[in-house]
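Subject: Handover of the structure and notes on it

Dear colleague,

I am handing over the structure we spoke about, and it is placed just below. My notes on what was found in it follow.

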Amino acid sequence: MKFITFLLCAGAALAFVQCQDMPEKMKAIKEACQVESRASEDDIKAIAQGMPATSREGKCYHACFMKKLEVLSESGKLDAVKTKAFVSTLSQGNDLTTFMDIIDNCAPIEVEANHCEAASQYADCFTTMAKDKGVKLPRL
């Protein structure tokens, strides 16, 4: 789903992560989450291409990634402040304002208690709103 792409590349970038270190950090997170969630290569490819995660493992990969970026809290809720901080490291110009609006609209939605499902629901919200607003979510 584009949201995974968005949050893989556009979540709350950890404050200590330097922009030049981002590719290394993202690769390490991707690898750790693939092992932790048992997501298949097909799950990862689909998510990276902006497709929705359909398997439990794919959804849990997404949740893992969001947690490691610290945009999904331990309670399974999207942290709008950290998400905005991360997105601001990846986007500039008019799209940044649009992304901030998308975050403000998606953060308060009601989501499942299961973190894997919650991550998928946030992804759906981000993807739908980005499409409606005519912007592309950043890719990692």
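I begin with a loop, the one between α2 (22–37) and α3 (41–48), where Arg38 is found. Please bear in mind throughout that this is a predicted model. Arg38 has a positive phi of about 65 degrees, although it is not a glycine, and its relative accessible area of 72% makes it an exposed residue. As background, most residues other than glycine have a negative phi.

Helix α5, which covers residues 80–90, has Thr83, Phe86 and Val87 as buried residues. Viewed down the axis of α5, the buried residues fall within an arc of 100 degrees, so they line one face of the helix. At the start of α5, a side-chain oxygen of Asp79 comes to within 3.1 Å of the backbone nitrogen of Val81.

Turning to the aromatic rings, a search of the whole structure finds one aromatic pair. It is formed by Tyr61 and Phe65 and is tilted, with 6.1 Å from centre to centre and 50 degrees between the planes. The two residues are four apart in helix α4, so that about one helical turn separates Tyr61 from Phe65. Tyr61 is buried at 1% relative accessibility, and Phe65 is buried as well, with a relative accessible area of 0%.

The count of salt bridges comes to five, and I describe some of them here. Glu36 and Lys68 meet through their side chains at 3.8 Å, N to O; because Glu36 lies in helix α2 and Lys68 in helix α4, this pair ties together parts that are 32 residues apart in sequence. Glu36 is exposed at 54% relative accessibility, whereas Lys68 is partly exposed at 33%.

A further salt bridge joins the side chains of Glu117 and Lys59 at 3.3 Å, N to O, and it ties helix α7 (residues 115–133) to helix α4 across 58 residues of sequence. Here Glu117 is partly exposed at 29% relative accessibility, while Lys59 counts as buried at 15%.

Finally, Lys133 forms a salt bridge with Asp101, the closest N and O atoms being 2.7 Å apart; Lys133 belongs to helix α7 and Asp101 to helix α6 (residues 94–106). Both count as partly exposed, Lys133 at 38% relative accessibility and Asp101 at 30%.

Technical notes
Residues numbered from 1 in each chain as written. Predicted model: local features only at pLDDT ≥ 70, side-chain atom pairs only at ≥ 80, totals over all residues. Heavy atoms only, no water. Buried < 20%, exposed > 50% of the residue type's maximum accessible area, 1.4 Å probe, protein only. Arc of directions from axis to C-beta. Polar contact = N/O pair within 3.5 Å; in protein donor to acceptor, adjacent residues only side chain to side chain. Phe/Tyr/Trp six-rings, centres within 6.5 Å; stacked < 30°, edge-to-face > 60°. Salt bridge = Lys/Arg side-chain N within 4 Å of Asp/Glu carboxyl O.
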